[in-house]
Structure formats: structure tokens, C-alpha cells
Amino acid sequence: MDKIIDGLFVGSAMAESDRAKLQEHGITHILTVASNYTPSYPNQFAYKSISIEDMEQENIIQYFPRGQILVHCLAGQSRSATVALAYIMQKDDVGRDEALEAMKARRPQVHPNPGFMDQLELYHDLRYEVTPSKPLYRRFLINHSAEHFREYGSVEHVELGADPLAQPMPAQRQWRCKKCRRPLVTEANVLEHQPGPGQVAFSWNKRNASGMDTPHAFPQNRACSSLFIEPMAWMEGVDTGLVENKVCCPKCDAKLGAFNWAGAQCSCGKWVTPSFQIHRNRVDEVRQNPLLPRRLH
Ligand SMILES: [Zn+2]
Ligand SMILES: [Zn+2]
């Protein structure tokens, strides 16, 4: 068991079972980051448990704590270290690598797996707020669902982009149904890709990014006849586990495009996975300006 900062210790399963050491360090709360782990002293310490495996694809970011914690897993190297790093990062507002260096000075064997390292970077980019209302976190969740689909061939729970009609502040840039003018998506829902042949996965991190731009970069893709977007709350079939379906306007039912978890090819040649696309010629791009509304094309 190693003290990382005041009030925060990281250790292995052995540390959790050593009652004398726990008492010696004045520990009162224990956070277990492991699956199927039975607490050694449930009557003596306050336990909280995060049941996950030490695998790259585990979503650990949803559990990042805010508050006073003491944390252990089995080896005290990956899962517990990741949760403790997240704690230090948000407490002192330091970057992932800086926090890791500081922790290694106290506990040299810490070594989060690459997937957890990516999630720590994402946590920093999210400014320590893990909420689906942030586009970057939705990208992560959709990527998670896409990996689940690749592995099992079924669609699990999908995080959906909010209906622009339900948003209090209209976005600067949005796309409306050409037929009935109903707002469909804003630029926060759009995923641009570099035009050209090849494959692009719906990725969110720098390590796996291969031509998919971040939601903040927003180049003009005139070569692409489709707009690739995230699954939206108004789309029929996205929340019922359908693998593919057409995408229609929720107001006038005009056909706008299609979605497919196995992916689809853009007119520029890029294969996009998963693919939620609406054809540009079925929508109008508009810039919201309360004083001077104008159509771009
Ligand atoms: Zn394209
Ligand atoms: Zn319509």
C-alpha cells in the first residue's frame, strides 16, 4: 500500500486484506476496483465497489470519483491507479502524464492499460465532467457501442444526440429538412471525415483516430454528398436495437438517409463505421441569427 497524496492510498488485494496496515494508516474508506471481489472486513471499513475487469475496452471513466477516496484492485497497477490518477487530475487540475509521473514517484509499479490511459486523457479534455451532454463523451460512448457491435453483432444501449427542438439555445449552425424546415441536427452532432478512399472508424481518441476529425474541427467537405452524424433522439429504430434502418424526417416523414452499424460508404470513397447519414440534398444548412436569418444555399 502506497500513500500517493494526503488521504489517498493505492494498493493491491494484499493491502486490502492487511487489517493491521489499514489501521496503522488510519484508513476508513475502501474503494474496490475489481470484479467479484469479496471485502475482507465489511463491518470495519466503509466499502464501495466498481466491478470491472482490467481490459482496454472497459468504460472506467464513468466511475471517476470526486471526493475523498482510498482505492485498491488486485495488483494495484492498472484499475486502482487509473481511478486514483483521475482523482488527482481533477483535484489539482493537472494533465494525465504529470499526474502519472507524480504517482510513479510514490508507487513505481503503477501501469494503467492503454485504454484507461486514453480515458484519462479524455477525462482531462472533458474538464473532469463525465456527462453525455458533452459531444466528446458521446463520441466515446458511441465508439463503445460500435466496438460492442463488432464483437457481438448486436446493438446495446446507445447514447443519443439531443433533438435540436429540445435545446433552449438554438445553435449557430444547423441543418433543417428541405421539405418542412424542421431542425434536425446542429454542428455538435456532425462528424466530418477527411474525404478519400479507405476506412474510418467512429473514433474519439487520438490513438485510434484515422481520418475522423474531432467534433471541434469542422472543415468543409464538398466532395461528400452525405452528412455523417451521431445517432439522434428523433431517429426511428436507433434505441430499439435495429442494426440498420432508413432515416426519415420526424415531422413530414421525408426520407433523409439511412443508418447502419456495420458502416456505409460515402460518395468520396470513405467507408464510415458505424454510419448515420443524411443526404445533403435533402436538408438545408442554415445559420441561426435572431436579427438576420439567412440561408447559405
Ligand atoms: Zn466523404
Ligand atoms: Zn420534414
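Aspartate 253 counts as exposed, because 12 C-beta neighbours lie inside 10 Å; a residue is exposed with 12 or fewer other C-beta atoms within 10 Å of its own, buried with 20 or more, and partly exposed in between, the C-beta atoms being placed from the backbone. This is a predicted model, in which local features need pLDDT of at least 70 and side-chain atom pairs count only at pLDDT 80 or more, while totals for chains, interfaces and linings use all residues. Residues are numbered from 1 along each chain as its sequence is written, and chains are lettered from A and ligands numbered from 1 in the order in which they are written.

**Backbone features in loops**

- Aspartate 253 has phi near 70°, a positive value in a residue other than glycine.
- The loop that holds aspartate 253 runs between strand S10 (244-248) and strand S11 (255-260); strands (E, at least two residues) and helices (H or I, at least four) are DSSP runs numbered from the N terminus.
- Asparagine 36, also not a glycine, has a positive phi of about 55°.
- Asparagine 36 sits in the loop between strand S3 (29-33) and strand S4 (46-50), and it is exposed because it has 7 C-beta neighbours inside 10 Å.
- The peptide bond from threonine 273 to proline 274 is cis, with omega near -20°.
- Proline 274 belongs to the loop between strand S13 (270-273) and strand S14 (275-279).

**Cysteine 73**

- An unreviewed UniProt entry lists Cys73 under "active site"; UniProt positions follow the numbering used here, feature names are shortened, and annotations may be inferred rather than shown by experiment.
- Cysteine 73 lies in the loop between strand S5 (71-72) and helix H3 (79-92).
- Cysteine 73 is buried, because 27 other C-beta atoms are within 10 Å.
- Beyond its neighbours within four places in sequence, cysteine 73 is in contact (C-beta atoms, placed from the backbone, within 7 Å) with Val33, Ala34, Ser78, Arg79 and Ser80.

**Packing of H3 and H4**

- H3 and helix H4 (residues 96-106) pack at an angle of about 115° with their axes 9 Å apart; axes are lines fitted to C-alpha atoms, for helices over the stretch in contact, and angles run from 0 to 180 degrees between N-to-C directions.
- From H3, Ala81, Ala84, Leu85, Ile88 and Met89 meet Arg96, Ala99, Leu100 and Met103 of H4.
- By class, this contact of H3 with H4 has 8 nonpolar, no polar and 1 charged residues; Ala, Val, Leu, Ile, Met, Phe, Trp, Tyr, Cys and Pro count as nonpolar, Asp, Glu, Lys and Arg as charged, and the others, Gly among them, as polar.

Note on methods. Contact = placed C-beta atoms within 7 Å.
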